[in-house]
Amino acid sequence: MDTRLVVAIVIVVGLPALLIGYILLIEAVLRLLPGRWQNRLRPWLWIAPALSFLGFFLVYPTINTVVLSLQDKFSKTFVGLANYQYFFSNPDTLVSLRNNVIWIVLLTALAVGVGLLIAVLVDRVRYEPAAKSVIFLPLAISFVGAGIIWRFVYDYAPAGEPQTGLLNAAVTAAGFPPQTWLQDSPTNTIALIIVAVWIWTGFCMVILSAALKGISPELMEAARVDGANEVQVFRRITFPLLLPAVAVVATTMVITALKAFDIVYVMTSGNFQTNVVANQMYKELFTNGQPGRASAIAVVLLVLIVPVMFINIRRFRQQEAIR
Amino acid sequence: MEERIVRRSRVAGSLMAITLLVVACSSGGSSASPAASTPASAPAASASGGESPAASGGALGGSVSVIGTWTGAEQESFMAMVKPWEDQTGAKVEYTGTRDINNILTTGIQSGLLPDLAGLPGPGQMAEYVQAGALKPLNDVIDMTAYTADTAPGLVTLGTVNDQLYGIFIKADIKGLFWYNTGVYKDGAPATYDELLAKGKTTADGIGGEAKTFCVGLESGAASGWPGSDWVEQFVLNGSGPDVYDKWVAGQQKWTSPEIKAAFEAFGNVIANTFGGGKNANATNFVASGDKLFSTPPGCVFVNHGTFITDAFKKTGGATDGQFDFYPFPTMNPAFAGAVEGSGDLFGMFNDTPQAKSLVAYLATPEAQAIWVGRGGALSANKKVTSYPNEILKKAAEALVNAKTFRFDGGDNMPQAMQDAFFKAIVDYAQDPSKLDSILTNLDSVQASSYTP
């Protein structure tokens with residue numbers, strides 16, 4: 001008990017003290033140097049602590065993951081690209097990769113599309129806050145919770161039995177046989193993506209709605225005065241001005257789709273050809289004890305995300321330049 | 001803090017009640033407690049706890065360190081079990097419960113820091129510890145004649161390496177029981193598995209409608225498929241015998257071999273005769289698998305599970321005590337009749353201190369095992385233990401004690417990657433039985449990569 005208290009005090013008090021001490025020290029040292037060197041060195045010395053944190057918590061693990069991905073399951077001997085070869089030749093992982101592509105396309109298109117539609121539509125009604133709250137609510141539910149809720153929606157019982165699943169109750173009421181929504185590939189992956197869309201649409205809507213409020217009404221009014229109808233106003237004025245926000249939201253959704261794990265784990269645990277790359281990575285590491293293979297998957301995921309981040313950063317730079 | 005005190009006093013209360021019960025039982029019993037005789041003869045000089053033993057006659061003093069997998073309610077049951085021994089000898093049991101016992105013992109053998117007594121993960125690990133010279137034989141420690149006479153032969157064999165006993169079973173459980181609704185199935189005990197299939201089908205046809213012979217529930221989150229793996233294991237054990245079973249679990253028997261394929265096909269036959277078919281089996285949680293035994297009209301005749309399922313019968317199936325009963329797994333191949341799959345808690349000795357010897361001798365007795373059994377949640381492999389809280393458990397214990405061959409759950413003893421692939425294969429097979437060959441080929445490739453060190 002005592003030692004933990006001491007450790008806590010040392011961290012809370014000692015760490016800031018250390019950092020301030022560091023700054024005072026380097027300033028004292030810099031004052032001894034000629035002016036030209038002072039200006040050259042000062043920025044580097046000031047960001048050195050931040051850089052070292054970043055290096056330790058971000059760069060080092062990344063490099064270590066790459067190294068691990070080239071080693072065997074005991075992380076001892078190097079096996080070259082065997083783990084990558086396994087990843088790209090195993091039928092199970094290829095299914096995961098295919099599913100992630102479906103996730104990226106559908107989740108991004110649906111969540112951003114529906115979010116944009118709702119943002120634009122509720123902008124014109126009096127009960128906007130209420131409508132937005134309802135759409136936003138699912139984001140507050142944990143993914144595991146959402147997965148369990150939707151498992152009830154997709155629940156299956158044989159024909160003739162009472163249908164406890166909402167969807168099958170509706171389907172049978174309409175006179176069709178009940179379906180095993182979570183077992184029939186490839187529609188089961190879409191069934192899972194719908195859960196993610198249900199969660200993330202609210203997020204997209206809120207960001208896009210905020211961006212929409214930032215567009216000055218004069219622009220739209222001017223267009224309407226010039227005789228543009230509402231569809232034209234949206235296509236020529238609103239959407240182009242919303243594009244930066246759409247790009248940010250879409251990037252977030254692409255990364256979310258690549259990281260998709262909870263919903264799949266809870267609802268099908270990767271069975272019935274619904275596995276995704278993140279679930280595969282989890283399984284390789286914690287179930288199969290294959291850190292090499294798991295690291296290889298992590299590296300592949302990283303490589304897939306890099307271009308998205310690159311495009312995003314370039315866009316940010318362009319916007320900065322305009323300002 | 002308050003909570004802890006409350007819990008302690010509750011534990012103490014139950015311990016006291018148990019002690020009273022045991023005292024009452026043993027005073028009525030004919031045999032004197034062996035715990036008293038063994039320590040009295042053993043020299044009580046080198047107490048492992050470092051304390052000097054009490055001088056009074058029979059009392060040992062000192063302490064025994066014990067590591068086991070039991071935590072929570074199970075830990076309370078174990079402590080209740082050793083309490084009479086502690087009272088009698090004056091020695092203390094220092095118990096540590098951990099789920100990571102395999103790691104602790106393996107590293108302990110390397111470092112030499114081992115508990116006096118420990119629960120062992122399984123027969124395979126036990127044999128490894130014996131080969132490392134870490135486990136001490138128990139032949140001269142416990143009453144061997146009584147132990148071999150009263151314990152299921154299959155379980156004695158599992159605890160034996162090179163004709164020496166190294167592990168005793170403190171408790172055990174049994175799988176592969178065919179549960180039925182006593183109001184629906186009235187055709188008597190099936191002698192063979194084929195007879196069970198035939199009689200089940202007759203009953204199901206009599207019910208008519210959608211009723212089938214079996215109900216199966218495979219859904220269990222990330223472990224979905226395990227109930228089917230139990231089916232396949234039972235088919236391997238009862239159909240092809242313990243030798244094939246052991247080779248298969250050890251990774252030396254291919255999944256594509258005729259024996260294992262036949263077991264999968266037998267499970268495929270079960271799925272074909274399952275209420276709602278494979279899709280419904282995959283959509284049904286294992287806990288709810290027995291619900292259809294008790295619906296009107298019933299959906300099925302038999303459900304295959306261990307004794308734990310009776311709780312679910314009552315909670316989700318709405319059944320009451322006496323409405324259900326079971327038959328042990330019937331004979332598939334006469335050569336392997338009486339083979340039983342189950343689980344058990346092996347217990348071994350690493351340091352032969354007088355206290356440890358005395359405690360092991362005590363734990364092997366029916367008097368000690370009756371304590372845990374009486375608290376519920378366990379079966380004893382000892383014939384003399386009869387303190388079961390209900391008739392069903394008593395009958396299950398009889399099936400266990402009469403087991404000629406006893407094997408641990410095979411999937412649990414495979415490498416994790418293998419077990420995971422096994423579960424997944426069950427789910428895939430139940431969904432589409434036509435894919436059996438590719439499923440088994442895939443399992444072979446997992447076998448090739450997951451067993452190699």
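I count two residues as in contact if their C-beta atoms, placed from the backbone, lie within 7 Å. The model is predicted, so local features need pLDDT of at least 70 and side-chain atom pairs count only at pLDDT 80 or more, while totals for chains, interfaces and linings use all residues. Residues are numbered from 1 along each chain as its sequence is written, and chains are lettered from A and ligands numbered from 1 in the order in which they are written.

**Chain B, overall**

I noted 17 helices and twelve strands in chain B. Helices (H or I, at least four residues) and strands (E, at least two) are DSSP runs, numbered from the N terminus. Of the 453 residues in chain B, 49% are buried. Buried means that 20 or more other C-beta atoms lie within 10 Å of the residue's own, exposed means 12 or fewer, and partly exposed is in between, with C-beta atoms placed from the backbone.

**Domains of chain B**

I looked up the domain bounds, which come from an automatic or database domain assignment. Domain 1 of chain B covers 2-173 + 344-406, and domain 2 covers 177-340 + 409-450. In the contact between them, 14 residues of domain 1 meet eleven residues of domain 2. On the domain 1 side, α15 (391-401) and β12 (405-408) of chain B each give two or more residues. α15(B) gives the most, with five residues. By class, this side of domain 1 has seven nonpolar, five polar and two charged residues. For the classes, Ala, Val, Leu, Ile, Met, Phe, Trp, Tyr, Cys and Pro count as nonpolar, Asp, Glu, Lys and Arg as charged, and the others, Gly among them, as polar.

I then listed the buried residues of α15(B): A396(B), A397(B), A399(B), L400(B) and V401(B). They pack against β6 (168-174), β7 and β11 (339-349) of chain B.

**A four-stranded sheet**

I followed β7(B) into an open sheet with the order β8-β9-β7-β10 (chain B) and mixed pairing. Strands pair if DSSP finds at least two bridges between them. The edge strands are β8 (212-214) and β10 (324-327) of chain B, each pairing on one side only. Neighbouring strands are turned by 25° against each other on average, direction ignored.

- β8(B) and β9 (residues 300-305) of chain B run parallel and are joined by two bridges. F214(B) stands opposite F302(B) in β9(B).
- β7(B) and β9(B) run antiparallel, with three bridges. L177(B) stands opposite H305(B) in β9(B).
- β7(B) and β10(B) pair in the antiparallel sense over four bridges. Y180(B) has D325(B) in β10(B) as its bridge partner.

How many residues of β7 (residues 177-181) of chain B are buried? Five of its five are, and the strand is mostly covered. L177(B), W179(B) and N181(B) point one way, while F178(B) and Y180(B) point the other.

**Two helices of chain B**

I checked α16 (residues 416-431) and α17 (residues 436-450) of chain B, whose axes come within 10 Å and cross at roughly 175°. Axes are lines fitted to C-alpha atoms, for helices over the stretch in contact, and angles run from 0 to 180 degrees between N-to-C directions. α16(B) and α17(B) are therefore roughly antiparallel to each other, a label for angles over 145 degrees. Residues that meet include F422(B) and Y429(B) in α16(B) and L443(B) and V446(B) in α17(B). The contact has ten nonpolar, two polar and one charged residues.

I recorded domain 1 (2-69) and domain 2 (83-322) in chain A. Their C-alpha centres lie 39 Å apart. Four residues of domain 1 of chain A are in contact with seven residues of domain 2 of chain A. The contact between the chains takes 13 residues from chain A and 15 residues from chain B. The chain A side divides into four nonpolar, eight polar and one charged.

**Backbone notes**

I found a cis peptide bond from S185(A) to P186(A), with omega near 0°. Another cis peptide bond joins T296(B) and P297(B), with omega about -10°.

S75(A) is not a glycine, yet has a positive phi of about 55°. With 13 C-beta neighbours inside 10 Å, S75(A) counts as partly exposed. D163(B) also has a positive phi, near 65°, and is exposed, with 7 other C-beta atoms within 10 Å.

Notes
Parallel < 35°, antiparallel > 145°, perpendicular 65-115°, else oblique.
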